[in-house]
Each structure stands twice: as structure tokens, then as C-alpha cells.
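Me: I have a model open and would like to go through it with you. Could we begin with the strands?

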Amino acid sequence: MLHFSKISSQGKDFNLIASGALAFKIHNKILKDESFLQGSKIHRNMLLGSAPARAVNADRRNVFYVILSDLDKMNIESLCSMIAQERAKGSYAVCQVIPAYYNEPSFKALKALRQNFDEVIELSKFNLGNSKALMSAEQQQCLITDYSLSMARIMYHVCVNDGTGYHSQPVGQLAYAS
């Protein structure tokens, strides 16, 4: 099941898609964040089975942030097809994958994702050099959630502001010590 949300602000849309238990928790945390609630409208949908997702504003470029967990249990063909069509229109799509297991279905899914998304980020267990776990599974999920929230904020603000707004404040001169 895909959870599809569109966050609209200043006439621009940021599309957030999640699939999997951990991805859905992260999706909900993102939508409850204050950064996404100020001056924006949020539209939520659920897509069952392999129903193709469609962007609401087909006449313009869109930004997609897709979070996937439980990759080995899902069929991603319709998602990849929709993203490929959107990218052909100039849209930008980032996929964050949180793999539970590395097995044949997940390797095939990762290959398809890499072929259809602009960027694919794999967040797996954080290990030290000698493969000793950096922290407990619960701590890793918190770290992944915080990373995902930060990534969503960055992508949303770049999407809405187009990189403008940060230069509206006057910039002072640099002072060099002598």
C-alpha cells in the first residue's frame, strides 16, 4: 500500500510517498512537523495494490520524495512507471530505501528504483569498520527517522522557494583579521 501526500505551498507541490511500516511512521512524522504545516495545504491518499499513483498537477514539474521500507514485500513496478513518466516531464524524484533484508526480490527492486529515480539513497544498519553494530535497532530507527525528516525539510524548502528567499536578507561584508 502506498501512502501518497501532496503538500502545496506558494502554488508549488511537494509529493511525499511512503510504503512499508517504518516508512509510514516516518511519513506521518513528516506531515506533523511544523515546517510543513505553516502556510501549506496537505492532501493525503492511499493507493491499494498496484494502482498507479498520479500527480494531481500534470501540467507542471513535480518534486517527489519516496520512502520505502519492507522492500522485499512490495511490487514497485507501478511506482517506477509513474516516476519514469513524471521524470520525462522534467520532474525530480528521490527515493530513500530502508531495507530490512537483502534478498533477491529486494535486489531486483533496488535495480528498478535506480533506473527510474534521480537519486536512490539506501539507509541500512549503521556499522563501525569491523561490522560491529553502531547502536541498537531502536536507536537506528530514530536516527533514520531524523535523517528522513531533515531530508524532507530540505527538499520541501528547495521545492517551494526555488532557492530564493535566502538571499532576501542583506549580506554583510567579510572582515579579515590582520
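Reply: Strands S4 and S5 pair in the parallel sense over seven bridges; strands count as paired if DSSP finds at least two bridges between them. Helices (H or I, at least four residues) and strands (E, at least two) are DSSP runs, numbered from the N terminus. This is a predicted model, in which local features need pLDDT of at least 70 and side-chain atom pairs count only at pLDDT 80 or more, while totals for chains, interfaces and linings use all residues. Residues are numbered from 1 along each chain as its sequence is written, and side-chain values use heavy atoms, with hydrogens and water left out.

Me: Which residue is the bridge partner of Leu68 in S5?
Reply: That partner is Val97.

Me: How many bridges join S2 to S4?
Reply: Six bridges join them, and the two strands run parallel. Ile17 stands opposite Val66 of S4.

Me: Is S4 enclosed or open?
Reply: S4 is largely enclosed by the rest of the structure, because seven of its seven residues are buried. Buried means under 20% relative accessible area, exposed over 50%, and partly exposed in between, with a 1.4 Å probe and protein chains only. In a regular strand the side chains alternate between the two faces of the sheet. Both faces of S4 are covered, with Val63, Tyr65, Ile67 and Ser69 buried on one side and Phe64, Val66 and Leu68 buried on the other.

Me: What is Tyr65 in contact with?
Reply: Leaving aside neighbours within four places in sequence, Tyr65 is in contact with several residues, including Phe14, Ile30, Val94, Met151 and Met155. Contact means heavy atoms within 4.5 Å.

Me: Moving to the largest nonpolar core, which residues touch the most other members?
Reply: Phe14, Ile30, Phe36, Tyr65 and Ile67 do, out of 25 residues in that core. The elements giving two or more residues to this core are strand S2 (12-19), helix H1 (21-32), strand S4 (63-69), strand S5 (92-98) and helix H5 (137-161). H5 gives the most, with eight residues. A second, separate core has 20 residues, among them Leu68, Met74, Ile76 and Ile83. A nonpolar core is a set of buried Ala, Val, Leu, Ile, Met, Phe, Trp, Tyr and Cys residues joined through side-chain atoms within 4.5 Å.

Me: How many aromatic pairs does the structure hold?
Reply: It holds three. Rings of Phe, Tyr and Trp (its six-membered ring) pair if their centres lie within 6.5 Å; planes under 30 degrees apart count as stacked, over 60 as edge-to-face and the rest as tilted. Phe14 and Tyr156 form an edge-to-face pair, because their ring centres are 5.9 Å apart and their planes are at 70°. Phe14 is in strand S2 and Tyr156 in helix H5, 142 residues apart. Phe36 and Tyr156 form a tilted pair, at 5.0 Å centre to centre and 55° between the planes. Phe14, Phe36 and Tyr156 form one aromatic cluster.

Me: How many disulfides are there?
Reply: A search of the whole structure finds zero, a disulfide being a pair of cysteine sulfur atoms within 2.5 Å. The sulfur of Cys95 is 7.8 Å from the closest cysteine sulfur, in Cys80, which is too far for a bond.

Me: Where does pLDDT stay under 50?
Reply: That applies to residues 163-169, for which the model has three contacts beyond four places in sequence. The chain averages a pLDDT of 79, and 76% of the residues score at least 70; pLDDT is the predictor's confidence in each residue, from 0 to 100.
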